[in-house]
Amino acid sequence: MTDYGHELLFGGFLTPDAGHPEQVVARARLCEQAGLDLVTFQDHPYQPGFLDTWTLMSYLAAATSRIRLAGNVLNLPLRQPVVLARSVASLDLLSGGRVELGLGTGAFWDAIEANGGRRLTPGQSVDALDEAIRIIREVWAADRRGGVRVDGEHYRVVGAKRGPAPAHPVGIWVGAYKPRLLRLVGRTADGWLPSLAYLPNGPADLAGLNALVDEGAAAAGRDPGEVRRLLNVSGRFTGTGAGFLDGPPRQWVRELTDLVLEHGTSGFVLGTDDPASIQLFAQEVAPGVRELVAAERAGSTTPAAPLPPEPTGPAGDPTEPTGTAGPASGRRETVRAGGVAGLAVTPTPAPEVRHSDHRLWDESTRPVAPPAPAGHVYSPQAQAVGGHLVDVHDHLRRELGEIRDLLDQVRRGVVSAGDARGVLNRMTLRQNNWTLGAYCAAYCTLVTQHHGLEDDAIFPHLRRADPGLVPVIDRLEQEHVVIHEVVEGVDRALVALIGDPARLTGLQQAVDVLTDTLLSHLSYEERNIVEPLARYGFYPGQL
């Protein structure tokens, strides 16, 4: 068993789909909002169906504030090392130290050659990567005197100026599978980043491949522990286990924890574009693995069960969620280990101020959930599960605040109506087929088949767990449909405004209706669903 002791990283591996750039951006922002550490993208510059990875990463560095960015992995044959080194350092400086460098030797040589690259043999491509890493490190060494000089067979640099230096020690992570390249990783790189799907025997291959990395490190006089081991993974979240990474989140937690403790894997990058899977990976799997690994490293013989994370702010510090578009968000009290009687999560109150006289439903006819059992004790995990719905809703409230602010900017002439529509379309309220599906998928809507979570759908689970909730769930489903229509109405009003700038009043009315409708709905759902979630969980067996 080998655990190199690195801090654990969890990330997303997204498709840079040029046909739906707004969805790529929304999913990357979801990775950050859900709490992942890293978002990555494959790099195939010869593929016209993909956004250019470096351009996408640069855009996302400005569209996010916390998450780290990396190519997975960048195509070295089509990216000149000196220019690449300066690009990485520049973006790292601009983003506040949030860029890592994933590098690959290249694989699709017909396409590389067709786009101006040189065709190399496997051996030549390893030599080229070795030279490129030397060049990149020399360029980053801005404090050294003299120019960069590397007289290689594939890359020749004769006196290039050094700098700029990155904002932080950028990790060079190499995708590798063959012995010679694995030894190179151990000798010169900061990390090894393979894909589990490319290992013929799955996790069983990791021991032998890790040994080759260790061999290369030892031959260079390095501690093998200096090389971080990462892994691109894929799988399915289902109700029952059907194979490796094919089952409920708790199964994922156990299996990924084993990879940390047995093979030293300290970074897991999930290949999926499904918003609900991203959320489950970030909010159920990652904290569970972190807790089990921490307990094992501390020498605990009976580690605690995985717990969802505390809500975090942009820098990862505990924070109280806020909602900029409406009333104060639900508050949470500190819950000590062992559990307490009474739920320490307060649902967000309904807004006192209404912006429109237009009413799309009669709030007095809303069913009410049955009362909680007297004296029920809620464990810390149950408290966190109940509070998570408030976290999800807080994000929706913040985005609603962005929409209202955007409208104010249109009114003041700061942005055009066309630009405003583009911003709205990039928001997660416009992600995928219908807006709230992206964020409420696993927690507050029946339409979970759209996100691949049929077996873990929250509403069917609550229907089975407590028949007294059925009228509330029926009403919530009806309101989801209404809200979808309201959001579409905002989009239609923006289109009308583009054609006639004098129609700003119509857009204002549409946004006012959205504000009143959505905030009322979110508050109603929290009042009736937060407590049952703390007793029954989001899916069977969670609590």
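**Salt bridges.** I began with Asp130, which forms a salt bridge with Arg187, the closest N and O atoms being 3.3 Å apart; I count a salt bridge where a side-chain nitrogen of Lys or Arg is within 4 Å of a carboxyl oxygen of Asp or Glu. The two partners belong to distant parts of the chain, with Asp130 in helix α5 and Arg187 in helix α6, 57 residues apart; helices (H or I, at least four residues) and strands (E, at least two) are DSSP runs, numbered from the N terminus. Asp130 is partly exposed at 21% relative accessible area, and Arg187 is partly exposed at 37%, where buried means under 20%, exposed over 50% and partly exposed in between (1.4 Å probe, protein chains only).

The model is predicted, so I noted that local features need pLDDT of at least 70 and side-chain atom pairs count only at pLDDT 80 or more, while totals for chains, interfaces and linings use all residues. Residues are numbered from 1 along each chain as its sequence is written, and side-chain values use heavy atoms, with hydrogens and water left out.

Searching the whole structure, I found 25 salt bridges. In one of them Asp43 pairs with Arg79, with 2.9 Å between the closest N and O atoms, and Asp43 and Arg79 are both buried.

Which charged side chain is buried yet has no salt bridge? I found Asp516, for which the nearest side chain of opposite charge, Arg359, is 4.2 Å away (Lys and Arg count as positive, Asp and Glu as negative, and His and the chain ends are not counted). Asp516 sits in helix α15, residues 504-536, and, leaving aside neighbours within four places in sequence, Asp516 is in contact (heavy atoms within 4.5 Å) with Val353, Arg354, His355, Ser356 and Arg359.

**Nonpolar cores.** I took a nonpolar core as a set of buried Ala, Val, Leu, Ile, Met, Phe, Trp, Tyr and Cys residues joined through side-chain atoms within 4.5 Å. The largest has 86 residues, and those with the most contacts inside it include Phe41, Trp140 and Phe281. Apart from it lies another core, of 21 residues, among them Leu400 and Val511.

Leaving aside neighbours within four places in sequence, Phe281 touches residues including Phe10, Phe237, Trp252 and Phe268.
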